Amino acid sequence: MAIFLNAIYVIYCSVAFFSVLRNYIEVIQAWIFPSIETWFLSATLLIIIIYAFTGGLRVIVGVSFFSIILSLWIFPMLAFPMKYATVESLLPILENDIRSILKGAQSMTFTIIGFEILNVIYPFVKDKKKIRKPVHLGLLATTIIYLAVMLVSIAYYSEGKLLKTIWATLTLFSFISFPFMERFEFVAVCFWMLIILPNLCLYLWAAYRGAIRLFPISEKTFVWLFSFIVLIGTLLVQTRTQINTINTVFGQIAFYVIFVYPILLWPIARLKKNFTSKKVKKNEQT
């Protein structure tokens with residue numbers, strides 16, 4: 001049972017890694033370098049990720065820290081599209097029923113994934129009591145950013161235009177211009193790598209931590225084999241329809257892995273803990 005549950009999480013982290021990487025490659029090809037081959041972008045990003053991964057969890061955490069610091073300036077740029085936004089686009093509020101709202105929340109699963117990696121990192125934290133407040137504040141800040149981006153997008157676009165826009169947030173950046181910089185969205189796409197890089201590193205690290213519990217494999221062997229499989233996958237998935245299908249299916253599966261999987265895992269962990277404690281007491285008595 002434990003092997004089956006662990007295998008599910010390894011597969012989930014692997015597919016999440018592939019989905020995030022393939023979507024970013026598509027963004028680069030669509031916005032900046034349409035003539036660059038997919039294999040070149042995939043190999044370049046994988047080399048960077050491998051370099052960070054081989055440094056260990058401390059290096060990955062450092063990459064995550066600098067990713068937040070260096071990318072904070074991007075979000076205030078969302079104030080520029082607000083000049084052309086209309087508050088009427090947000091109305092009417094609470095028109096739909098609870099069921100429709102929950103379906104909309106479920107469809108955002110692919111957007112909000114990432115916080116579930118805390119389940120893998122938590123056992124490696126020395127002082128677990130001190131991290132509760134920073135973790136919750138970080139999740140709150142991330143939720144506020146998601147909410148701000150969503151409100152700006154809804155207020156800027158009309159309902160019909162928003163449904164037809166593939167990259168709504170990046171399209172918002174295309175309306176930003178400075179006297180010394182006309183195409184600001186190019187900068188946004190490049191800096192977006194700083195945002196997705198920690199996610200990719202953490203998903204790769206989580207997949208490895210789960211894989212070594214299933215079968216004995218060294219770190220270097222796993223990372224190179226994993227990267228080779230991902231590279232082949234990025235070459236097989238080429239069209240927008242294929243990528244969109246993967247995003248939709250993965251988002252539906254991710255909802256259950258993120259929210260249902262921990263609930264099922266909790267009673268199993270409690271039973272295992274009680275069984276282990278009873279076994280230890282019995283051995284001490286004998």
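At what angle do H2 and helix H11 (residues 219-236) pack, and how far apart are their axes? The angle is about 160°, and the axes lie 10 Å apart. That makes H2 roughly antiparallel to H11; angles over 145 degrees count as such, under 35 as roughly parallel, 65 to 115 as roughly perpendicular and the rest as oblique.

This is a predicted model: local features need pLDDT of at least 70, side-chain atom pairs count only at pLDDT 80 or more, and totals for chains, interfaces and linings use all residues. Residues are numbered from 1 along each chain as its sequence is written, and side-chain values use heavy atoms, with hydrogens and water left out.

**Helix packing**

Helices are DSSP runs (H or I, at least four residues), numbered from the N terminus. Axes are lines fitted to C-alpha atoms over the stretch in contact, and angles run from 0 to 180 degrees between N-to-C directions.

| Pair | Axis angle | Axis distance |
|---|---|---|
| H2 and H11 | about 160° | 10 Å |
| H2 and H10 | roughly 60° | within 10 Å |
| H3 and H10 | roughly 155° | within 9 Å |

The crossing of H2 and H11 is right-handed (the near helix is turned clockwise from the far one by less than a right angle; anticlockwise is left-handed). Contact means heavy atoms within 4.5 Å. Trp 39, Leu 46 and Ile 50 are among the H2 residues that meet H11, whose partners include Trp 224 and Leu 231. Ala, Val, Leu, Ile, Met, Phe, Trp, Tyr, Cys and Pro count as nonpolar; Asp, Glu, Lys and Arg as charged; the others, Gly among them, as polar.

H2 (residues 38-54) also crosses H10. The angle makes H2 oblique to H10. This crossing is right-handed. The contact has 12 nonpolar, no polar and no charged residues.

H3 (residues 57-71) packs on H10 too. H3 is roughly antiparallel to H10, and the crossing is left-handed.

**The second largest pocket**

The second largest pocket has a volume of about 1,300 Å³. A pocket is an open set of points on a 1 Å grid where a 1.4 Å probe fits, with protein on both sides within 12 Å along at least five of seven lines; lining residues have an atom within 4 Å of a point. The volume is the space filled by probe spheres set on the points, which are joined across faces, edges and corners. Of the 29 lining residues, the closest to the centre are Asn 119, Pro 123, Tyr 261, Leu 265 and Ala 269. H13 gives the most to the lining, with 10 residues. The lining divides into 19 nonpolar, four polar and six charged residues.

How values were computed: Helix = DSSP H or I, 4+ residues; strand = E, 2+ residues; numbered from the N terminus.
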